[in-house]
Each structure stands twice: as C-alpha cells, then as structure tokens.
Amino acid sequence: MPNSARGALDAAGTMSIVDSEFDYDLRYDPNEIGADLVVECWISQSPRTDDAFFDPQPGDSIRAVDHELEARKAKVTRRDANRVWVQFQSANAFDAGA
C-alpha cells in the first residue's frame, strides 16, 4: 500500500494522519492515564505493528483507543523504541473534533 494511504510526512518531516485502513493507531489502558492526561502505549500492541510507515514522533497527532474501541485524538509526547507516550486534552474539548 502506498505511503499516502497509511501515513505521510508533513512539511516538518513528522507524521500526519491521512486516509488510513486503520480505525486507530495505538491502544491504551484507561486505568493508566496520569493526572497530566499522559498514557504509555506500545506499538507492538497496535494494529499498525507491521506498518513500516508508522513512526510516531513527539508532536505527532495520532488516534488512540481504549478497551471500548472509542477513538480519541492525542499528541505524542515521548517515544522510546516500541513505547509511545501520548497526551489527551481535556476529555470533552479535544474529542469534539475527533
């Protein structure tokens, strides 16, 4: 599948979400969200684990889901190989645009 169908690099060289065959990028455990609304996710536990074009970096916007599979937008704040930390905005304000 071409790069444009899975994710693309924007002008700054970071990932931007475009039309994708995936409903979400990462899974998270809602019980692990900290007071700062940051949660750790694992790329190996996502549907995009085999996607060579999926390379989330700090500042990138991604879609994350919990066990109920409700997608929420989040920003990548940190990356360490397979582990990615994302931050949600306030529960209602940020998700209104999702």
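Which residue's side chain does Asp 25 meet in a salt bridge? The legends below begin with this pair and refer to a predicted model.

**View 1. Salt bridge of Asp 25 and Arg 48.** The partner of Asp 25 is Arg 48, with 2.4 Å from N to O. Asp 25 is buried, at 0% relative accessibility. Arg 48 is likewise buried, at 1%.

**View 2. Salt-bridge network around Asp 25 and Arg 48.** The structure as a whole holds six salt bridges.

**View 3. Salt bridge of Arg 83 and Glu 40.** The closest N and O atoms of the two residues are 3.6 Å apart. Arg 83 belongs to strand 7 (residues 83-87) and Glu 40 to strand 4, so this pair ties together parts that are 43 residues apart in sequence. Arg 83 has a relative accessibility of 25% and therefore counts as partly exposed. Glu 40 is also partly exposed, with a value of 30%.

**View 4. Salt bridge of Arg 83 and Asp 80.** The side chain of Arg 83, shown with Glu 40 in the previous view, also meets that of Asp 80, at 3.0 Å from N to O. Asp 80 is partly exposed, its relative accessibility being 38%.

Note on methods. Residues are numbered from 1 along each chain as its sequence is written. This is a predicted model: local features need pLDDT of at least 70, side-chain atom pairs count only at pLDDT 80 or more; totals for chains, interfaces and linings use all residues. Side-chain values use heavy atoms; hydrogens and water are left out. A salt bridge is a side-chain nitrogen of Lys or Arg within 4 Å of a carboxyl oxygen of Asp or Glu. Buried means under 20% relative accessible area, exposed over 50%, partly exposed in between (1.4 Å probe, protein chains only). Helices (H or I, at least four residues) and strands (E, at least two) are DSSP runs, numbered from the N terminus.
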